[in-house]
Amino acid sequence: SRARSRGAAGAALLPSMLMFGVILASSGLLLMIERGILAQVGPPPLHPPAGPSRRDGRDSPAELELEVLRDTRNRTIRALCGQPSMPRSVWELPPGQRRTVLRHLLVSDKYRFLYCYVPKVACSNWKRILKVLDGALESVDVQGKMDHKSDLVFLGDMKPEEISYRLKHYYKFIFVRNPMERLLSAYRNKFGEIREYQQKYGVEIVRRYRKNGGNSAGDDVSFSEFLQYLLDEDVERMNEHWMPIYNLCQPCAVRYDFIGSYERLHADANHVLEHIQSPSFVRFPERQAWYKPVTSETLHYYLCNTQRRLIRELLPKYILDFSLFAYPLPNITSEFCRQ
């Protein structure tokens with residue numbers, strides 16, 4: 001009863017606690033948003049490949065930059081998650097949030113690790129690797145549609161004592177991505193290629209935000225309409241492809257041992273595979289030839305052709321992903337967009 005009361009109180013206080021924590025942890029990012037200062041300071045981190053230090057004891061500029069990035073993430077996560085009312089374990093989360101994170105934690109008992117999968121951050125390839133490690137798939141290069149449910153073990157399907165043991169003793173990792181780039185990737189994929197999403201979400205979005213949009217098949221959703229939909233949507237009810245990474249993986253309740261970046265995907269993936277001592281024949285898959293990645297130019301084009309007000313109002317919903325994982329706010333100043 002006491003635990004339920006504390007959980008209910010925590011759920012009620014969560015928005016204000018997160019705001020307070022972010023103000024402390026992200027050095028005024030929210031204040032910048034309120035004032036409309038959305039320009040990033042310099043280019044985003046390059047996320048150079050990791051490697052051993054030089055034998056003379058001096059690190060290369062790339063290695064130093066990587067260390068700065070990791071240190072920034074670690075300090076920010078500690079600052080936010082160190083707040084007294086923040087959850088210290090998955091059992092302190094409200095039931096809905098706990099179900100979400102446990103449903104996204106994949107288990108490998110053979111190699112003793114937990115991977116929190118984040119849609120649109122190479123999670124399909126990681127699931128292929130898990131299936132190969134478990135013997136359910138011969139190779140990561142096997143062609144065919146990816147089954148995101150079968151031959152995978154989810155932490156949420158286990159008993160509480162089994163969950164607690166693995167959270168305490170297993171190696172835990174996630175991969176993150178620039179929040180706006182991830183949203184654009186989800187938009188282009190789901191509304192440009194996937195009929196199921198067009199019918200389930202696209203038709204409703206067009207009907208809600210466009211005059212005389214009742215005849216749409218859901219395949220012509222504009223990026224602005226998609227962002228407006230996200231602005232009006234309850235975060236806890238969002239589809240996993242655009243739910244913030246914080247809500248999917250709860251980095252305060254789950255203390256991850258490694259945070260990989262989409263921007264340096266293969267180097268960070270190799271680091272994880274080496275750490276878990278996977279067989280030498282298991283490697284991270286190469287990008288499929290048909291895949292069209294979101295480039296920085298593409299992202300800037302979409303953002304600069306979207307109402308600044310809409311982006312400014314949406315950013316607080318994803319501010320934890322920006323601040324905790326050290327991603328710069330999008331540059332949508334008039335001067336930058338004119339270029």
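**Exercise 1. What share of the contacts in the protein chain with a separation of 6 or more comes from residues 24 or more positions apart?**

Solution. Before the count, a word on the model: this is a predicted model, in which local features need pLDDT of at least 70, side-chain atom pairs count only at pLDDT 80 or more, and totals for chains, interfaces and linings use all residues. Residues are numbered from 1 along each chain as its sequence is written, and side-chain values use heavy atoms, with hydrogens and water left out.

- Take contact as heavy atoms within 4.5 Å.
- Residues 24 or more positions apart then supply 71% of the contacts with a separation of 6 or more.

**Exercise 2. Find the disulfides and work out which cysteines they join.**

Solution. Let's go along the chain.

- Count pairs of cysteine sulfur atoms within 2.5 Å; there are three disulfides.
- Cysteine 81 pairs with cysteine 252, with 2.0 Å between their sulfur atoms. This pair links distant parts of the chain, 171 residues apart: cysteine 81 is in helix H3 (residues 61-81), and cysteine 252 is in the loop between helix H10 (245-249) and strand E4 (258-261). Helices (H or I, at least four residues) and strands (E, at least two) are DSSP runs, numbered from the N terminus.
- Cysteine 116 is joined to cysteine 249, S to S 2.0 Å.
- Cysteine 304 and cysteine 337 make a disulfide with sulfur atoms 2.1 Å apart. Their places are helix H12 and helix H15 (residues 334-338), 33 residues apart.
- Counting bonded cysteines along the chain, the pattern reads 1-4, 2-3, 5-6.

**Exercise 3. Are cysteine 304 and cysteine 116 buried or partly exposed?**

Solution. Start with the cut-offs.

- Buried means under 20% relative accessible area, exposed over 50%, and partly exposed in between (1.4 Å probe, protein chains only).
- Cysteine 304 has a relative accessible area of 26%, so it is partly exposed.
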